[in-house]
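Here are a few friendly notes to read with the model open beside you. Take the points in order and find each residue as you go.

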Amino acid sequence: MNEKITRFLTDHRPATPCLVIDIDVVEQNYKTLTESLQAAWVYYAVKANPAPEILKRLVALGSCFDTASVPEIEMVLAAGARPNQISYGNTIKKQADIARAYDLGVRLFAFDSDAELDKIAAAAPGSRVFCRLLTSNEGAEWPLSRKFGCDSEMAFSLLRSAPDKGVVPYGLSFHVGSQQRYPNQWDTAIAAAASVFTALQEVGVNLRMINLGGGLPTRYRKDVPPVERYTQAIMASLSRHFGDLLPEILIEPGRALVGSAGVIESEVVLISKKSFHDSKRWVYLDIGKFGGLIETMDEAIHYEFTCDRIVGDQETNCELSIIAGPTCDSTDVLYERTEYKLPIALQIGDHVRIHAAGAYTTTYASIGFNGFAPLTEYYI
């Protein structure tokens with residue numbers, strides 16, 4: 001955790017649970033990515049954290065935006081972005097929402113099915129469309145399964161039909177899975193996209209864009225490769241499969257820009273055991289799955305926890321703990337199988353800090369499950 005956030009928490013002592021985000025870290029993450037992947041247009045995935053403070057800073061830096069709904073489009077426009085900087089990247093949209101986005105000036109739409117393409121053609125005539133390819137998501141800590149995308153054969157057919165429906169076949173997209181640990185996972189998807197590009201070119205349809213999606217990771221408990229490793233692997237793959245004639249390149253980072261910028265301050269509500277012989281104690285925090293930590297579902301994302309109670313050697317002064325949230329729901333357990341050690345001296349009322357929590361926390365927090373208020377946010 002950086003000094004700026006530490007100073008804010010020390011000086012202001014805000015009520016918990018709360019999220020504190022250093023906007024300067026977001027800016028540095030953006031600059032690091034754009035400097036190492038200069039050939040790409042960055043479309044920030046607004047769903048990761050749509051705070052106005054983040055959107056305004058990214059607008060000032062020249063970012064574009066990947067949006068999943070009309071409200072996200074409106075938030076980006078309110079932050080100062082232009083319509084031509086916005087992609088409506090959700091492949092599941094009401095026709096009325098497509099029409100609203102079109103009225104707001106958006107002209108770039110994602111799809112992955114014939115029915116979705118028909119809706120775009122009807123509500124957003126003349127727009128550019130890109131088809132999302134289905135990928136395996138192998139190596140991702142938060143996979144996106146089969147909900148999005150179609151296979152290459154279908155993508156070819158859909159994009160070939162696009163001109164006859166009155167929209168512009170613009171390109172292809174894919175997503176290798178969120179928190180992708182392996183830089184080489186982009187290669188298979190890029191190869192598949194290049195094959196579709198070639199097949200369409202042979203029938204007179206010339207695509208112009210490849211959207212690399214998201215997947216760039218942030219560091220949680222374990223180190224991840226630096227962003228430069230990813231961008232080098234991506235550019236090598238693009239050159240290998242497209243040669244010297246690279247298409248326009250888009251990338252949609254979310255977690256990679258905002259994840260490391262945020263820290264959640266939480267309080268220990270209860271420490272207990274279920275029997276006199278229980279080998280693990282239960283540590284209950286005032287934040288859980290429904291308060292913003294839904295990515296602990298299936299113990300997928302492993303957040304790092306710190307507190308001030310560790311004295312001396314961590315191995316001898318900490319013990320295995322099950323970490324859970326405060327709600328009256330039995331699924332509100334953060335970590336039971338994954339090994340977490342917390343200080344033996346930890347007490348009820350102590351504060352625990354959850355690191356790299358800037359992405360997918362406030363947007364996943366419930367409106368008021370059990371009456372608990374949504375996660376409080378501070379942007380500094």
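1. **Before you start.** Helices (H or I, at least four residues) and strands (E, at least two) are DSSP runs, numbered from the N terminus. This is a predicted model, in which local features need pLDDT of at least 70 and side-chain atom pairs count only at pLDDT 80 or more, while totals for chains, interfaces and linings use all residues. Residues are numbered from 1 along each chain as its sequence is written, and side-chain values use heavy atoms, leaving out hydrogens and water.

2. **Two positive phi values.** Most residues other than glycine have a negative phi. Now look at alanine 356, in the loop between β18 (351-354) and β19 (376-379). Its phi is near 50°, a positive value in a residue other than glycine. Alanine 356 is buried, with a relative accessible area of 8%; buried means under 20% relative accessible area, exposed over 50%, and partly exposed in between (1.4 Å probe, protein chains only). Glutamine 179 also has a positive phi, near 55°. This glutamine lies in strand β9 (residues 178-180) and is buried, with a relative accessible area of 1%.

3. **A cis bond.** Which form does the peptide bond from threonine 16 to proline 17 take, cis or trans? The bond is cis, with omega near -5°. You will find proline 17 in the loop between α1 (3-12) and β1 (18-21).

4. **The nonpolar cores.** A nonpolar core is a set of buried Ala, Val, Leu, Ile, Met, Phe, Trp, Tyr and Cys residues joined through side-chain atoms within 4.5 Å. The largest one here has 97 residues, and Tyr44, Ile54, Leu172 and Phe305 touch the most other members. Helix α8 (residues 185-202) gives the most to this core, with eight residues. Apart from it lies another core, of eight residues, including Tyr43 and Phe130.

5. **Around isoleucine 54.** Leaving aside residues up to four places away in sequence, isoleucine 54 touches Ile21, Ile23, Val26, Tyr44, Asn49, Val258 and Tyr379. Contact here means heavy atoms within 4.5 Å.

6. **Helix α8 with α9.** The axes of α8 and α9 (residues 227-242) come within 9 Å and cross at roughly 30°. Axes are lines fitted to C-alpha atoms, for helices over the stretch in contact, and angles run from 0 to 180 degrees between N-to-C directions. The two helices are therefore roughly parallel to each other (angles under 35 degrees count as roughly parallel, over 145 as roughly antiparallel, 65 to 115 as roughly perpendicular and the rest as oblique). Among the residues that meet are Trp186 and Phe197 in α8, and Tyr230 and Phe242 in α9.

7. **Helix α7 with α8.** How do the axes of α7 (residues 152-161) and α8 cross, and at what angle? They come within 10 Å and cross at roughly 40°, so α7 and α8 are oblique to each other. Ser152, Phe156, Leu159 and Arg160 in α7 meet Ala192, Val196, Ala199 and Leu200 in α8.

8. **Helix α6.** Which residues of helix α6 (residues 114-123) are buried? They are Glu116, Leu117, Ile120, Ala121 and Ala123. These buried residues pack against α5 (95-103), β5 (108-111), β6 (128-132) and α7.
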